[in-house]
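Please keep the sequence and the model in view while reading.

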Amino acid sequence: IEDRRANPPAKSYTTSLFQGGVPKIGGKILEEAREVVEAADEPGPEGRSHLIYEAADVTYHVMVMLGYHGIHWREVEQELGRRFG
């Protein structure tokens, strides 16, 4: 994500998100978060797989938002460590 921000390929999904800024990235985070909650209510192994898939999507989009603001994932990890040791 950092490389895409520094060297944006023209046909990159990440580049298109960066170009759309907070409104576009934020919209995707909201969409994917809703899908995580929906998947969490699905039963069985298929539901579990779907939840993992959607969790990956929302995590990716949060990472893009962080990258848009020049925040590295390790800063989030440090904050979690500060809160929970």
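**Salt bridges in a predicted model**

Glutamate 79 is partly exposed, its relative accessible area being 26% (buried means under 20%, exposed over 50%, and partly exposed in between, with a 1.4 Å probe and protein chains only). This is a predicted model, in which local features need pLDDT of at least 70 and side-chain atom pairs count only at pLDDT 80 or more, while totals for chains, interfaces and linings use all residues. Residues are numbered from 1 along each chain as its sequence is written, and side-chain values use heavy atoms, with hydrogens and water left out.

**Overall count**

- The structure holds 4 salt bridges, each defined as a side-chain nitrogen of Lys or Arg within 4 Å of a carboxyl oxygen of Asp or Glu.

**Helix H4**

- Glutamate 79 meets arginine 82 in a salt bridge at 2.6 Å, N to O, and both lie in helix H4 (residues 73-84), 3 residues apart, about one turn of the helix; helices are DSSP runs of H or I with at least four residues, numbered from the N terminus.
- Glutamate 79 also forms a salt bridge with arginine 83, with the closest N and O atoms 2.9 Å apart.
- Arginine 82 is exposed at 61% relative accessible area, and arginine 83 is exposed at 53%.

**Helix H2**

- Glutamate 31 and lysine 28 both lie in helix H2 (residues 13-40), 3 residues apart, and their side chains meet in a salt bridge of 3.2 Å, N to O.
- Lysine 28 counts as buried at 19% relative accessibility, whereas glutamate 31 is partly exposed at 27%.
- A network of salt bridges links Lys28, Glu31 and Glu32.

Conventions:
Helix = DSSP H or I, 4+ residues; strand = E, 2+ residues; numbered from the N terminus.
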